[in-house]
Each structure stands twice: as structure tokens, then as C-alpha cells.
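Me: I am meeting this structure for the first time. Please guide me through it, beginning with the terms that its description needs.

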Amino acid sequence: MSRRSAERDWVRHSQMPGRIERIEAYFSGHGYDPHRHDTYAIGRTLSGVQSFRYRRAMRHSLPGGTLVLHPDEVHDGMAGTDEGFRYRMLYVDPVLIQQVLGGRPLPFIAGGLSDDIRLRHASESFLQTMDHAFETLEEDDAIYDLAHALQAVAGQRRGRRAFDYVAAERARAYIHAHLDTNIALDDLEHASGRDRWSLSRDFRALFGTSPYRYVTLRRLDHCRALMHAGVALADAALIAGFFDQSHMTRHFIRAFGLSPARWLGMLKL
């Protein structure tokens, strides 16, 4: 019997408290449909070949290197061989990176793969195990090291503009305080003190996605927490602020590359 037929796909979320989501997963073949989320996805292939389409090219991750997928970049995932692949991944909120870099453009790692030892060392604290519980100061140090490693490996972008980090952060805080309402760009303009189009540009550069996408992903985060707690899909969709279950499902697939039902079925506690 082949390994593909012997082992079902699974995803295990770290149960340790912390500010960075950590998962370990195994896929025997097809993993995720094309999707994009508003976090950095930083990971390591543990076994097999992890293949994915990213920025119009097919990439292949082997054990030892580091994956760094930029926020809001479309990608998918699949096994590169019949043996399947196992990997660990961090989902890092760009806000955590900005709290270290203080308003610089988010670092971009070309090609989504890196063999740079600085990035491997900086991500090792989070990727070496799923069961490590961080002390608060330990996690702060690890985030600091990761942010600066990303910046060092990415290098300096040319043609850098000045971004209003304070105004963008005001808009982000407003979003979190009003997720249960219909947020308009007028509201964010008023809350931030910045004109809407400059704010939209700065928000994308500093937090990796548009204000609308940011709102949608925060509602999906709420929805996932509700579903994981046993709330029915239809009820979770309404509580999180979607029109109905089908509306939530469309956004869920775009963000995570699989349906809510499949996501629930793969969870491995």
C-alpha cells in the first residue's frame, strides 16, 4: 500500500498561547487551491517535496530551506512526489513586523524561498517544535529577530516613499473596534486623519493588504474560532458578520484555499 493511500491529510494547530499561529500538516497530494491571506506564511518542509505556484512560477521546497510567502500573494500547495509532504508553518501578522520596523515597507523575499542562514536561525525558535510555550519576553525577542532577518534578507527597496504609519495604525484600530458594523472608507478617513487614497496606499504597504481585505480576514478569523468551538457553519457566518453561510464560504476558500468543511475535517488536535 502506498503512503498516499495509507495516511490521510491532516493539520495540527499549536495549542500553546502566543501571538503567532503555528501549524504542522501533512498532505498526500493536493493541498490547497489558489488563495491569499494577509499574513506572512513562513515555514519549513520537514519531509518530501512541497510544491506551489507563486508569482507566475512553480516553486519546490525541500527540507532545510525556508518558505516566506508575502502577505496577499496568491499561492497554492501540493505534493511534488507520490510520498506527500509534511511541513510546519507560521502565520505572522504584519502588524508584529511593523511594531519592530516602525513604518518601513514590509520586507519582500523574492521567489518565496530562501537558503539564507539568518532567516533560518531567526525562524527556528518558532519552527523547531509545536509544543514550546514562549515566555512573553522570549516571544518578543524572537519576533524582533525575525523582523530584522526578513529586512536584512530582503534588502532595501528602491524608490521608497514616505508612509504615514501613525495614521494607518489609527485606521487599523478603528477596524478592530467596529468589526460588527458596516465599515466605510469615509469612516477610516475620519478616524485616521488621512485622505482615503493615501491611506489605502499606506495601509497596503504597511500591513500587506487593503482595508477591505483586512476587515474580511478578521471576520474569517472570528468565524474559524467559532467553528472550532463547535458553532454551526451557518451560525458562525452570521455571528462573524457575513450575509450568510455561502457568503462566508466564498471568502473562506479565497483566503485559505479549502472549504470550511474540509478545514474542520482535517484538524488534528
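Reply: Axes are lines fitted to C-alpha atoms, for helices over the stretch in contact, and angles run from 0 to 180 degrees between N-to-C directions. Helices (H or I, at least four residues) and strands (E, at least two) are DSSP runs numbered from the N terminus. The model is predicted: local features need pLDDT of at least 70 and side-chain atom pairs pLDDT 80 or more, while totals for chains, interfaces and linings use all residues. Residues are numbered from 1 along each chain as its sequence is written, and side-chain values use heavy atoms, without hydrogens and water.

Me: At what angle do the axes of helix α5 and helix α7 cross?

Reply: Helix α5 covers residues 165–177 and helix α7 covers residues 196–207. Their axes come within 9 Å of each other. The crossing angle is roughly 85 degrees.

Me: Why is α5 described as roughly perpendicular to α7?

Reply: The term covers angles of 65 to 115 degrees. The crossing makes α5 roughly perpendicular to α7, because the axes meet at roughly 85 degrees.

Me: Which residues of α7 meet α5, and how do the residues of this contact divide by class?

Reply: On the side of α5, the residues are Y165, A167, A168, E169, A171, R172 and I175, where contact means heavy atoms within 4.5 Å. For the classes, Ala, Val, Leu, Ile, Met, Phe, Trp, Tyr, Cys and Pro are nonpolar, Asp, Glu, Lys and Arg charged, and the others, Gly among them, polar. The contact of α5 with α7 has nine nonpolar, no polar and two charged residues. In α7, the residues that meet α5 are L199, F203, L206 and F207.

Me: How far apart are the axes of helix α8 and helix α10?

Reply: Helix α8 (residues 211–228) packs against helix α10 (residues 245–256) at an angle of about 105 degrees. That makes α8 roughly perpendicular to α10. The distance between their axes is 10 Å.

Me: Which residues of α10 make the contact with α8?

Reply: From α8, the contact takes in Y212, T216, L217, L220, C223, R224 and M227. By class, the residues of the contact of α8 with α10 are nine nonpolar, two polar and one charged. Those contributed by α10 are M248, H251, F252, A255 and F256.

Me: Which strands stand at the edges of the open sheet of six strands, and why is one side of each left without a neighbour?

Reply: The order in this sheet is β1-β2-β9-β4-β7-β10, with antiparallel pairing, where two strands pair if DSSP finds at least two bridges between them. An edge strand has a single partner, so one of its sides has no neighbour in the sheet. The strands in that position are β1 (10–13) and β10 (113–114).

Me: Which residue of β9 is the bridge partner of E21?

Reply: Strand β2 (residues 21–27) pairs with strand β9 (residues 85–92) in the antiparallel sense, over seven bridges. In β9, the bridge partner of E21 is Y91.

Me: Which helices pack on this sheet, and what angle does the direction of each make with that of β4?

Reply: Helix α3 (residues 117–127) packs on the sheet and touches β2, β4 (40–48), β7 (66–69), β9 and β10. Helix α4 (residues 136–154) also packs on the sheet, touching β4, β7, β9 and β10. For α3, the angle with the direction of β4 is about 85 degrees, and for α4 it is likewise about 85 degrees.

Me: Which residue of β6 is the bridge partner of F52?

Reply: β5 and β6 pair over five bridges, in the antiparallel sense. The bridge partner of F52 in β6 is R59.

Me: Which element gives the most to the lining of the largest pocket?

Reply: A pocket is an open set of points on a 1 Å grid over the protein atoms alone, where a 1.4 Å probe fits, with protein on both sides within 12 Å along at least five of seven lines; lining residues have an atom within 4 Å of a point. The largest pocket is lined by 42 residues, with H13, E21, I23, Y91 and R224 nearest its centre. These 42 residues comprise 21 nonpolar, twelve polar and nine charged. The greatest contribution, seven residues, is made by α8.

Me: Which element supplies the largest share of the lining of the second largest pocket?

Reply: The second largest pocket has 18 lining residues, of which N182, I183, Y212, V215 and R219 lie nearest its centre. The elements giving two or more residues to this lining are α6 (185–192), α7, α8 and α10. Its classes are nine nonpolar, seven polar and two charged. The largest share, five residues, comes from α8.

Conventions. Parallel < 35°, antiparallel > 145°, perpendicular 65-115°, else oblique.
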